[in-house]
Amino acid sequence: MQLGLYDIVNTPGVASDLSHIATPAKVEGYLPPDDGLKKTLTGAHVVVIPAGVPRKPGINAGIVKDLATGIATTAPKAFILVISNPVNSTVPIVAEVFKKHGVYDPKRLFGVTTLDVVRASTFVAEILKDLSLSKDIVVPVVGGHSGVTIVPLLSQSSHPLPASLSAEDHKTLVNRIQFGGDEVVKAKQGGGSATLSMAYAGAEFAAKVIRALKGEKGITAPSFVPLAADPAGGAELTKELEKELEFFSSTVELGAGGVVKIHPLGTITDAEKALVKAAIPELEGNISKGITYVAEAYKKAEEDGPARL
Ligand SMILES: NC(=O)C1=CN([C@@H]2O[C@H](COP(=O)(O)OP(=O)(O)OC[C@H]3O[C@@H](n4cnc5c(N)ncnc54)[C@H](O)[C@@H]3O)[C@@H](O)[C@H]2O)C=CC1
Ligand SMILES: O=C([O-])CC(=O)C(=O)O
């Protein structure tokens, strides 16, 4: 299946659990054929985008732009969950395509960063010498989804780290969370990425979005989202970051219409402030790459004459 277009219509319409997600066969009918799809889907849909090639940002940019174009024209009201990397750029790509089609709703666009939290919880459980805790441990991870843009707020862990943990070990832990994806890619010797753990993390995030769409209150999840999705435009975050960013990953409250609120960072340590500061320029560059990619693709298509955008 190339495009995971999950038809969970029948509103109030949202399926009661993931087993109701459309099978590839059911989904197939919604894929835009070459001449464009006549029917436009309405209602609540969740589209998960996992398509891509690990560590090939240029190829993935094209894949995500094309899929976003298909969604914008066939399911413009869909809630879109982007897994394909680099998330820091692919999410802005979807936003730009939706803007071009005049159907952009920032509350419905999510970059999937759950795996960073899964890793942080697992590594903290390892340090606490009790892996069974990993499913209960919650560590907010903010910023973005690559290298130094991944900022674990270990001081806010639901299960505090031992006071005896040395500064060196703390640094090693942060580094392992930031570069966990690279660790897997290296271990697979270029043969893939963290495919299975991503499937777990993606399902966990999608299930939360679906529960929120069904009306369950108070659901929160980490996600890389447009700050415009927040009712206050992410003003609290912007103040903390001392920088205006269009996208940022933080804990997000979910509701029937998508993002209800983006949580600010809250109280963090000086070391965590330094990590956030280091993440910002990298994030800005990644976001701007995604935006520029779409602008240039549209410019080129205009120059080349009629094209399917
Ligand atoms: N957000 C996250 O936390 C994570 C993201 N990823 C990203 O997810 C993406 C996929 O990774 P894996 O599942 O490990 O790779 P994979 O190689 O196992 O699967 C990629 C899938 O994409 C499909 N695909 C390739 N080109 C396509 C195209 N033009 N149109 C539609 N589908 C296409 C392939 O057929 C394949 O089924 C990569 O970009 C990877 O970096 C992976 C792990 C974690
Ligand atoms: O780093 C990668 O290529 C895959 C990824 O996003 C992760 O494992 O978190």
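Q: Where is the place of Pro86?
A: Pro86 sits in the loop between strand 3 and helix 3. Helices (H or I, at least four residues) and strands (E, at least two) are DSSP runs, numbered from the N terminus.

Q: What is the peptide bond from Asn85 to Pro86, cis or trans?
A: The Asn85 to Pro86 bond is cis, and its omega is near -5 degrees.

Q: Before going on, what sort of model is this, and how is it numbered?
A: This is a predicted model, in which local features need pLDDT of at least 70 and side-chain atom pairs count only at pLDDT 80 or more, while totals for chains, interfaces and linings use all residues. Residues are numbered from 1 along each chain as its sequence is written, and chains are lettered from A and ligands numbered from 1 in the order in which they are written.

Q: Fine. How many helices and strands does the protein chain have?
A: The protein chain has 9 helices and 9 strands. Of its 309 residues, 41% count as buried, where buried takes 20 or more other C-beta atoms within 10 Å of the residue's own, exposed takes 12 or fewer, partly exposed is in between, and C-beta atoms are placed from the backbone.

Q: What share of the contacts comes from residues 24 or more positions apart?
A: Those residues account for 74% of the contacts in the protein chain with a separation of 6 or more. Two residues are in contact if their C-beta atoms, placed from the backbone, lie within 7 Å.

Q: Back to helix 3. Why call it largely enclosed?
A: Because 12 of the 14 residues of helix 3 are buried, the rest of the structure largely encloses it. Among the buried ones are Val87, Asn88, Val91, Val94, Glu96 and Phe98.

Q: What do they pack against?
A: The buried residues of helix 3 pack against helix 2, strand 3, strand 4 (109–111), strand 7, strand 8 and helix 9.

Q: How does helix 3 sit on helix 9?
A: Helix 3 (residues 87–100) and helix 9 (residues 270–304) pack at an angle of about 40 degrees, and their axes are 8 Å apart. Axes are lines fitted to C-alpha atoms, for helices over the stretch in contact, and angles run from 0 to 180 degrees between N-to-C directions. That angle makes helix 3 oblique to helix 9; under 35 degrees counts as roughly parallel, over 145 as roughly antiparallel, 65 to 115 as roughly perpendicular and the rest as oblique.

Q: Which residues make that contact?
A: On helix 3 they include Asn88, Pro92, Ile93 and Lys100, and on helix 9 they include Leu283, Ile287, Lys289 and Tyr298. By class, the contact has 9 nonpolar, 5 polar and 3 charged residues. Ala, Val, Leu, Ile, Met, Phe, Trp, Tyr, Cys and Pro count as nonpolar, Asp, Glu, Lys and Arg as charged, and the others, Gly among them, as polar.

Q: And what follows helix 3?
A: Gly102 follows helix 3, with a positive phi near 70 degrees.

Q: Switching to helix 7. Which of its residues are buried?
A: They are Met198, Ala201, Phe205, Ala206, Val209, Ile210, Ala212 and Leu213. What covers them includes strand 2 (45–49), strand 3 (79–82), helix 4 (114–127), strand 7 (219–226) and strand 8 (247–255).

Q: How do helix 4 and helix 7 cross?
A: Their axes come within 8 Å and cross at roughly 110 degrees. That makes helix 4 roughly perpendicular to helix 7. Thr114, Leu115 and Val118 of helix 4 meet Ser197, Met198, Ala201, Glu204 and Phe205 of helix 7. The residues of this contact divide into 5 nonpolar, 2 polar and 1 charged.

Q: What comes after helix 7?
A: Helix 7 is followed by Gly215, whose phi is positive, near 110 degrees.

Q: Which residue other than glycine has a positive phi near 65 degrees?
A: Arg55 does. Arg55 lies in the loop between strand 2 and helix 2 (57–74), and counts as partly exposed because 15 C-beta neighbours are inside 10 Å.

Q: What about Glu242, what is its phi?
A: Glu242 is not a glycine, yet its phi is positive, about 55 degrees. Glu242 is in the loop between helix 8 (235–241) and strand 8.

Q: Is Glu242 buried or exposed?
A: Glu242 counts as exposed, with 9 C-beta neighbours inside 10 Å.
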